[in-house]
Amino acid sequence: MALLLFLLILLVPASNANWPPSPGYWPSSKFRSMSFYKGFRTLWGPQHQSLDQHALTIWLDRTSGSGFKSVRPFRSGYFGTSIKLQTGYTAGVITAFYLSNSEAHPGYHDEVDIEFLGTTFGKPYTLQTNVYIRGSGDGKIIGREMKFHLWFDPTKAFHHYAILWSPKEIIFLVDDVPIRRYPRKSVATFPLRPMWVYGSIWDASSWATEDGKYKADYRYQPFVAKYTNFKAGGCSAYSPAWCRPVSASPFRSGGLTQQQYRVMRWVQTNHLVYDYCKDYKRDHSLTPECWR
């Protein structure tokens, strides 16, 4: 019996070894869910969308993908949705939830991305976070990518993915766990112009999966993504000047608690697979926030 108890004690921590500690604070609980049509509109590919019981399904086949866009632009806020991805071969396919002002500033836009990079059989999805500032996503691309392999299978159930954007920082969250904080270190390296909220599924075979090694294979079409539990709150572009930016922590001034920082470090220690600031092949004179 004593030996059995000892073995059980050894097994319990191991079963949780790949699951993050509690963040201690859940910013998603501070914002009410909304129906899709209350906050969003179809942007393209309407024939590749369906809405059922508050869940939006969008899909990609060889004829088209699909996308949607928020009704209002925002200058800061919390933006989240729960997503369930397709299993199997999805190489070359991007499923995205992001902020952008590309339509207002073509060729010189800002963008904050959560993107799922499709994969091949037996390999995990890669969640890519990225930030573009004032045209760094146009022409000669200057990305600020951090990529993760998640601690769960995103094809098995819905999980909540969110971007918190304030004038001080951008925080990326997965199920309320902060996975990345991008602080404002200068005006030149931080997006400050109003942006809209977008979601989409599209073919990015040229780069999405292992730098384009594997392409979208339409024998496996349609490629499907489901979105629900839409949340968008904060200061719209039309809000008065005194509108207070939201926070990812109990601190109204922003930032993270010590516990949230510990959880973020845990994620980055155990699940981060790429950090642009640590890529020696990059020209970091173009990304000065890496060394400031």
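Helices (H or I, at least four residues) and strands (E, at least two) are DSSP runs, numbered from the N terminus. The model is predicted: local features need pLDDT of at least 70, side-chain atom pairs count only at pLDDT 80 or more, and totals for chains, interfaces and linings use all residues. Residues are numbered from 1 along each chain as its sequence is written, and side-chain values use heavy atoms, with hydrogens and water left out.

**Exercise 1.** Give the strand order of the seven-stranded open sheet and find its edges.

Solution. Two strands pair if DSSP finds at least two bridges between them.
- Step 1: the order is E2-E3-E14-E5-E10-E11-E12, with antiparallel pairing.
- Step 2: strand E2 (49-52) and strand E12 (177-183) each pair on one side only, which makes them the edge strands.
- Step 3: inside the sheet, E3 (residues 55-60) and E14 (residues 223-236) pair over five bridges. Trp59 has Val224 in E14 as its bridge partner.

**Exercise 2.** Describe the lining of the second largest pocket.

Solution. A pocket is an open set of points on a 1 Å grid over the protein atoms alone, where a 1.4 Å probe fits, with protein on both sides within 12 Å along at least five of seven lines; lining residues have an atom within 4 Å of a point.
- Step 1: 17 residues line this pocket, and Met146, Arg181, Pro183, Gln268 and Asp275 are the closest to its centre.
- Step 2: E12, helix H3 (258-270) and strand E15 (272-275) each supply at least two lining residues.
- Step 3: with Ala, Val, Leu, Ile, Met, Phe, Trp, Tyr, Cys and Pro as nonpolar, Asp, Glu, Lys and Arg as charged, and the others, Gly among them, as polar, the lining divides into nine nonpolar, one polar and seven charged residues.
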